[in-house]
Amino acid sequence: MTIQSESALPAALRDRWPHAPRYANVNGWRMHYVDEGKGDPVVLLHGNPTWGFLYRDMIAPLVSSGRRVIVPDMIGFGLSEKPTREQAHCLDGHTANLTALMRQLDLKRITLVCHDWGGPIGLSFAMSNPARVHALTIMSTWAWPMPPAEFHTRIFPWRMMHAPLIGPYLLGNHRALAGRGVYLSVIGRERFARTAQAAYEAVLPDPATRLLTWVWPRWIPLDENARAFERFKWLEQELSSSELPTLIIWGREDEIFDAATFASRFKQLLPHAEGPHLVTGRHFLQEDSAPEIARLIGSFLDRLDVNGGKQ
Amino acid sequence: MTEVSLVKMPSLEGKRLSFALAEDRVAHYPEFRDFFVRTFDLDRKGLAEPGFVRAPSGIIYAFIFIGRSGIPFPSGLEIYAVVDALEPIDVDVLDRDLWSILRWMIGGVGAPWTVEDFDRTGRLYRVPAAPSG
């Protein structure tokens, strides 16, 4: 296993990530997280291949609005421990990692903000620990068993990118997802390349540290024999009867989890949800619209507070 | 030489196996495992010996197959360059060879997997060894 520390960040980026590093032992792994502010907790969950840095421009405004903001790095990403065996990763294991952190911090009245793989993980935690959860925010993710999108069934580029041996070569040796992959999925590409891309690349410096970038794509169910098929089936079923207050935010230009398909399906699953609010952004919408997303979440939670937690 | 070809086990005297690439889950798409079983006669040979190919650079690569309880063989695969024992490798040559080996693999796996899609994917992610379109 490998662990990066905050010193792994280029000096020019450390100012943009001023948070004290905290670590928890979850299921035997060393998990890095940020814990800022006081108030009801808002937990910001990233996916593949990002880390807490994705939320850098949302932490301060949420803290200013009177919330405690917790941003864990998934085991395998960011400043958390990075197992070097594929078998160390599974969807249920990552949900158990999040559950361990939430219980160690004894968090209650949690608002979970879920993006990409932070969706299946965070929502599975919410459905199995409803007494700890106050509200949900859902962004560019999915929670059902069949292929998320036509994109994920295509050989070019999706299945080719993580195919046997090609995944380790392309995403490992050539850093395809952590580098160019994120770049291609933001709107302000020049700004992203200048101000953020190095932070995603710096924490995945070697092929072995990038393992999860090709392991996660292989966990997306493409048929009913897939490893996570039953978990997603359960998750969809649980969500369909959930009454947790929910906010849906989506990138208007998201081509991978397009709003017309995905935000709409979440709205069908959770008809009481607010939204979808469309903001400027592709899949990594936080890179283009972080202040607006933070405002939407803050104002949603303010309204819940006024209404005694009811939506 | 531009092709990848199967070769017999070379003499390993004065050589070392230099790690190049590993795959823990060769049957993620089962047709890839089938390709290796077919190409290296693994149903008959099992773990008895590695497979060997010669890459465009002339370097020979060893394919070492991995077994895992409860999973059809092979479950995984490691690729090593057979190089002079005490000499460093040229990483650019290694990368171009790996590209060629993966391209050869895709061609052998066959439809719906195509070398054209492999090349396009390499170009999209700006892999230096990918042919320009």
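Helices here are DSSP runs of H or I with at least four residues, and strands are runs of E with at least two, both numbered from the N terminus. The model is predicted, so local features need pLDDT of at least 70 and side-chain atom pairs count only at pLDDT 80 or more, while totals for chains, interfaces and linings use all residues. Residues are numbered from 1 along each chain as its sequence is written, chains are lettered from A and ligands numbered from 1 in the order in which they are written, and side-chain values use heavy atoms, with hydrogens and water left out.

**Helix α1 of chain B**

Just after α1(B), D41(B) has a positive phi of about 55°. Within the helix, the buried residues are F32(B), R33(B), F35(B), F36(B) and V37(B). Buried stands for under 20% relative accessible area, exposed for over 50% and partly exposed for values in between, with a 1.4 Å probe and protein chains only. The cover over these residues includes α2 (42-45), β4 (60-66), β5 (76-84) and α3 of chain B.

V37(B), in helix α1 of chain B, has a relative accessible area of 12% and is therefore buried. Apart from neighbours within four places in sequence, V37(B) is in contact (heavy atoms within 4.5 Å) with L42(B), D43(B), F73(B) and P74(B). Between V37(B) and P74(B) lie 37 residues in sequence and 7.8 Å in space, C-alpha to C-alpha.

**Two helix pairs**

Axes are lines fitted to C-alpha atoms, for helices over the stretch in contact, and angles run from 0 to 180 degrees between N-to-C directions. Angles under 35 degrees count as roughly parallel, over 145 as roughly antiparallel, 65 to 115 as roughly perpendicular and the rest as oblique.

| Helix pair | Axes come within | Crossing angle |
|---|---|---|
| α1 (residues 30-39) and α3 (residues 91-109) of chain B | 9 Å | roughly 95° |
| α2 (residues 56-64) and α14 (residues 286-306) of chain A | 8 Å | roughly 20° |

The angle for the chain A pair makes α2(A) roughly parallel to α14(A). Their crossing is right-handed, meaning that the near helix is turned clockwise from the far one by less than a right angle, with anticlockwise being left-handed. On the α2(A) side, R56(A), D57(A), M58(A), P61(A) and L62(A) meet Q286(A), E287(A), A290(A), I293(A), A294(A), I297(A) and G298(A) of α14(A). This contact has seven nonpolar, two polar and three charged residues. Nonpolar covers Ala, Val, Leu, Ile, Met, Phe, Trp, Tyr, Cys and Pro, charged covers Asp, Glu, Lys and Arg, and the others, Gly among them, are polar.

In chain B, α1(B) and α3(B) are roughly perpendicular to each other. E31(B), F32(B), F35(B), F36(B), R38(B) and T39(B) of α1(B) make the contact with W104(B), M105(B), I106(B), G108(B) and V109(B) of α3(B). By class, seven residues there are nonpolar, two polar and two charged.

**Helix α4 of chain B**

In α4 (residues 115-124) of chain B, D117(B), F118(B), D119(B), T121(B) and G122(B) are buried. Their cover includes α6 (155-161) and α7 (166-173) of chain A, together with α3 of chain B.

**Cysteines**

Over all chains the structure holds zero disulfides, a disulfide being a pair of cysteine sulfur atoms within 2.5 Å. C90(A) is in none, and the nearest cysteine sulfur, in C114(A), is 18 Å away. For C114(A), the closest cysteine sulfur is that of C90(A), at 18 Å, which is too far for a bond. C90(A) is partly exposed at 29% relative accessible area, whereas C114(A) is buried at 0%.
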